[in-house]
Amino acid sequence: MIPTTPPTLPPPSPTPTTINLDVQKIREAVQQKVREKLSQITAETQDDQPRAFFGAIIETSPAQITIDYQGSLRHLQISADTVYIDAKRNKAKIDTLKIGQTILALGRPATNDTLDTKRLVATDSQAAKPQFQIVFGKVSDTSQTTPVFTLIPFNNKDQQFQIKTTTTTEFFNRQKEKIDTTLTKGHRLIAVIKSTTSATFTALTLIDLDYSLLPAEASAKAGTPTKKP
Amino acid sequence: MIKELLLAILLGALLGFGATGSILTLRQKPAPQPQPTPTTSPTQTTPTLPSPTISTISSTLVINSPPNNSVVNSAKIELKGTTDPNNLVLVRTPLKTAIATADNNGNFIIDVELDSGLNPISVASVDPDTNNQSTTQIYLTYSTAKL
């Protein structure tokens, strides 16, 4: 008796699964981000329009100064045309520059990381740091006695900002119209804030996205959960 | 004589049975069977893993003009970029906050005011309907020096 191979059933036709669709969405989102970043980087280096880089000096030579620009090196080509302005805003000799000093270099790109430098300006290292933050969150608490409120950002609910308003704080609604200064618990705010020496931030601009809504509508809107990963 | 005959028969039988047995044993070695294709019975359903929720916190936000680290020779410039359609866009320079709304294609143009020298600039894009947001940082230098 000759053994026979049992007939095999045709494999089921492939159908996209829920997981594949989500993976595809993630892949597309990542590709979009990469494209955006690449176009940004390309735009920065594509033309020979004037550029400025700042950072601490890590190496000097008669023809070139190297600085640490946000973790990457930038080489500043020095020529007879290069002018150095010191901290007192006077022209000074380039050979007075020291390792560790923060400078702002202006010129035109020679290569991706080299600048044909025309101007060097002594700069305070703090001047290059962003002074302001833009925070988007929900008002969780307001004070009856002081102009301080608490804002919990949507992108980090474990964090909270103590923010004070001043006479110069600008208030806007969602339509970018100026409004009065009343803050409501539960409202969503976009806050432009500045660090102070204390733990409290100063509000420069506040946009109340729920200002025009009735209280019940504002609570419902602010309570809408955002999707988490 | 009879003894020899019987012995011959016995030996022959042994040889015959041995040969037959070997042949049968070789024939019975199973041929490689094809792997069975997994099928689901009509009553079974393929279990699906819970779909991972994708973070929708982040909007897109790109500053197209001027490029980061540019030197501009005017204190008042136009900042151009792209983000999600109809998002609110905020730009904070060392001097002022500027606010704009992206159009239906996500494009925005916003007038900003720069301080002399290096300007660290914070930019944020917010979707008021979904609470999605994105932030970025650029540096522009305002200088009238001939470069």
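Which strand of chain A holds A:R74? A:R74 sits in strand β3, residues 72–77 of chain A. The model is predicted, so local features need pLDDT of at least 70, side-chain atom pairs count only at pLDDT 80 or more, and totals for chains, interfaces and linings use all residues. Residues are numbered from 1 along each chain as its sequence is written, chains are lettered from A and ligands numbered from 1 in the order in which they are written, and side-chain values use heavy atoms, with hydrogens and water left out.

## The two chains

Chain A has two helices and 13 strands. Chain B has one helix and eight strands. Helices (H or I, at least four residues) and strands (E, at least two) are DSSP runs, numbered from the N terminus. Along the sequence, chain B reads α-β-β-β-β-β-β-β-β.

Of the 229 residues of chain A, 34% are buried. In chain B, 38% of the 147 residues are buried. Buried means under 20% relative accessible area, exposed over 50%, and partly exposed in between, with a 1.4 Å probe and protein chains only.

Contact means heavy atoms within 4.5 Å. In chain A, 50% of the contacts with a separation of 6 or more join residues 24 or more positions apart. In chain B, 53% of the contacts between residues at least 6 apart in sequence join residues at least 24 apart.

A:R74 counts as buried because its relative accessibility is 15%. Leaving out residues up to four places away in sequence, A:R74 touches A:F53, A:I65, A:T66, A:I67, A:Y69, A:N112 and A:D113.

A:T114 lies in strand β7 of chain A. A:T114 is also buried, with a relative accessible area of 12%. Beyond its neighbours within four places in sequence, A:T114 is in contact with A:H75, A:Q77, A:R108 and A:P109.

Both residues make polar contacts through their side chains. A polar contact is a pair of N or O atoms within 3.5 Å; within protein, one must be able to donate a hydrogen and the other to accept it, and residues adjacent in sequence count only if both atoms are side-chain atoms.

| Side chain | Partner side chain | Distance |
|---|---|---|
| A:R74 | A:S72 | 3.4 Å |
| A:T114 | A:T111 | 2.9 Å |
| A:T114 | A:D113 | 3.3 Å |

## Strand pairing in chain A

Strands of a sheet pair through backbone hydrogen bonds, either parallel or antiparallel. Two strands pair here if DSSP finds at least two bridges between them.

β10(A) pairs with β9 (residues 148–153) of chain A in the antiparallel sense, over four bridges. There, A:Q162 is the bridge partner of A:T150. β10(A) also pairs with β13 (residues 200–208) of chain A, in the parallel sense, over three bridges. In β13(A), A:T200 stands opposite A:Q162.

A:L204 lies in strand β13 of chain A as well.

Five strands of chain B form an open sheet in the order β2-β8-β7-β4-β5, with mixed pairing. The edge strands, β2 (71–72) and β5 (97–101), each pair on one side only. Strand β4 (residues 88–92) runs antiparallel to β7(B), joined by five bridges. B:V91 has B:V123 in β7(B) as its bridge partner.

## The largest pocket

Rolling a probe the size of a water molecule over the atoms shows where empty space is left. On a 1 Å grid over the protein atoms alone, a cavity is a set of points where a 1.4 Å probe fits but cannot get out, and a pocket is an open set with protein on both sides within 12 Å along at least five of seven lines; lining residues have an atom within 4 Å of a point. Grid points are joined across faces, edges and corners, and a volume is the space filled by probe spheres set on the points.

The largest pocket has a volume of about 430 Å³. Its lining has 22 residues, with A:R89, A:V121, B:S116, B:G117 and B:L118 nearest the centre. At least two lining residues come from each of β6 (102–111) and β7 (114–122) of chain A and β7 (117–126) and β8 (133–142) of chain B. By class, the lining has 12 nonpolar, six polar and four charged residues. Ala, Val, Leu, Ile, Met, Phe, Trp, Tyr, Cys and Pro count as nonpolar, Asp, Glu, Lys and Arg as charged, and the others, Gly among them, as polar.
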